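Trainee: I would like a close look at a single part of this model, and then at the setting it belongs to. Please take it in one connected answer.

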Amino acid sequence: MTEDFTDRLRLQLRRAALGEERRGALSRRPVAVRPRPSFAVAAFASAAAAALLLVVTLWLLGSRENEPAVPAGPRVVANVRLADALGGEADAGFGSLWLSESQEGQILRVDPSTRRVTARIPVGDEAAIATGDGSVWAVPRGAVKHGDPVLRIDPRTGRTVARIAQRTPAGEPFDGGFIIIGPRVWVLGSSGAIAIDPATNRVVREIRLGGGYLVVDALLRGRQLWLITSDRRITRFDARTGRRLGRVSWRTTGFLLPFADKLVAVSKGSVALLDPATGKAAWRTRLGTELHDARVNGSRVFVEGADGATARERVWQLDARTGRVAGVVTMPEFGPAGMVPVVSGVWLLTSGGHAVDVQP
Amino acid sequence: VGLQDDSDEQLLARGDAASFERFYINHVDALLGFFARRTRDAELAADLTAETFAAALTARRRYRPEKGAAGAWLYGIAHKKLADAQRRGYAEDRARRRLRMERLELTDDDVARIGRLADDHSASILVDGLAPEQRDAVMAHVVHDRSYDEIAGALGTSQAVVRKRVSRGLQTVRQRMGGRG
């Protein structure tokens, strides 16, 4: 008898779970059981290592004059654990980074220079975060809470100064999953969007998309809010009034990030720079085998994804103007869940609570 | 007597392979049906199911029962995987790669079975992943036809609270069925 898909998946997961068990048992083994080298052996090893280091250092100093300058590429400059678990949502603002801690349901305020948590703001769940209009805005979006109020947080005190019910102007419940801040604070959900007026903390507009396709992404372009639905179509709205302006003539094959007056489009195996009017690519660069996430910082694009069957994700750095790849670095941690631009590079946030600082 | 009698929460808390396998058995058909209804694509539904369970396996030590039912936690992961797939246009495989799980190819029989799961809209499957208070409120009001007043009296809470739980539960169910939120 042949096994069906669910049986084959069950066996795969069993093997994986047993592997995890073994790895867990190994990692819990006490350090003391490791054999220690004798003092004499250790002393010899130390001396040999020091001598080798000296030789290598002298060789590097001697050869540096003849070497061309090392091309700027991404490198991991820090890997710090900030929490037990981080969600993918984050934003920079008010001199800090604001990250979603998904285990306790907190927003972490982090000093980007010291990479230390300077405040913990309880919000009860993993949250989508955006900064703007003098505030930090958060909407719970984890496994437990849906449709809870949008929180407006004072960045100076960390206090929640307003809880704004997710309801349309007509009073219907709304279930938002992320926030974009432009002339209004837009809370996006699968059925459309609601707009909060920051002056009054009231919901003043609603965008409700017709048709059976869910809203899967959105972006702000100048005074326009673009909503992308699961059929890959893009509809433009006035970012202040919510008035429908029309559809874009082309369909996207991935997700979009604004860059100057263009769009960076990231699809499964490539990154491209698109003309927003026509959807035509000025350049297209093939990368890896499966791309997961990307951010634009200045004129650089940082792309996180997989390359072949290796377990570790990689981060590529591209020149947004030309598509040229400046370099690639392998992630030191598993499970990247999100990215946020910091200084000239990005921080990658992992589900295990690490922030990996990647800079050019 | 054994794992079959344990709650999902207990199965996740144990952290051993056999308990996770039982948790998988408890949920796999409902989750596969959920993805099949939302995507109308057997291959994508299978990929998303595998990726969701792989992610649940790697994250199960971080599950906290006090924050919600294990089923709701699993569907929370599922919703994120689905949203990511809709945003990107394909299902990611990072949790499976981490666990070195190869992609499973579907047979014709698999595709037919997933198609049947997509057509199964039974209430029990759809409310499975709801938070317990929402699930109880929806079952009492919609399935057992009890009034808000009656449910509120039984639970020792207000009618408004029960209405809110039913409303939110149904909203989630509608989303799972592929309708608008």
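Where in chain A is the place of A:Glu313?

Mentor: This is a predicted model. A:Glu313 lies in the loop of chain A between β23 and β24, the latter spanning 314-319. With a relative accessible area of 1%, A:Glu313 counts as buried, because the limit for that class is under 20%. Its surroundings come from both chains. Apart from neighbours within four places in sequence, A:Glu313 is in contact with A:His292, A:Glu304, A:Gly305, A:Val329, A:Thr330, A:Met331, A:Gly335 and A:Pro336 of chain A, and with B:Arg94 and B:Arg97 of chain B. With B:Arg97 there is also a polar contact, side chain to side chain, at 3.0 Å.

That brings in the interface. Chain A contributes 67 residues to the contact and chain B contributes 55 residues. The area buried between the two chains is about 5100 Å², and carbon and sulfur atoms supply 49% of that. On the side of chain A, the residues that lose the most area to chain B are A:Phe5, A:Leu13 and A:Gln103, which together account for 13% of what that side buries.

As for polar terms, 16 residue pairs are in polar contact across the interface, with both residues at pLDDT 80 or more. The salt bridges between chain A and chain B number eight. One of the salt bridges joins the side chains of A:Arg10 and B:Glu21, with an N to O distance of 2.8 Å.

The elements of chain A that give two or more residues to the side touching chain B are α1 (5-27), β14 (215-221), β22 (290-297), β23 (300-306) and β26 (336-342). Of these, α1(A) gives the most, with 14 residues. By residue class, this side of chain A divides into 22 nonpolar, 22 polar and 23 charged residues.

Of its 181 residues, 53% count as buried. Among contacts in chain B between residues at least 6 apart in sequence, 63% join residues at least 24 apart. The accessible surface of chain B comes to about 7900 Å², with carbon and sulfur atoms holding 47% of that surface.

Definitions and conventions. Residues are numbered from 1 along each chain as its sequence is written. Chains are lettered from A and ligands numbered from 1 in the order in which they are written. This is a predicted model: local features need pLDDT of at least 70, side-chain atom pairs count only at pLDDT 80 or more; totals for chains, interfaces and linings use all residues. Side-chain values use heavy atoms; hydrogens and water are left out. Contact means heavy atoms within 4.5 Å. Buried area is the accessible area (1.4 Å probe) that two parts lose on being put together, summed over both. A salt bridge is a side-chain nitrogen of Lys or Arg within 4 Å of a carboxyl oxygen of Asp or Glu. A polar contact is a pair of N or O atoms within 3.5 Å; within protein, one must be able to donate a hydrogen and the other to accept it, and residues adjacent in sequence count only if both atoms are side-chain atoms. Helices (H or I, at least four residues) and strands (E, at least two) are DSSP runs, numbered from the N terminus. Ala, Val, Leu, Ile, Met, Phe, Trp, Tyr, Cys and Pro count as nonpolar, Asp, Glu, Lys and Arg as charged, and the others, Gly among them, as polar. Buried means under 20% relative accessible area, exposed over 50%, partly exposed in between (1.4 Å probe, protein chains only). Accessible areas come from the Shrake-Rupley method with a 1.4 Å probe; for residues, only the protein chains shown count as cover.
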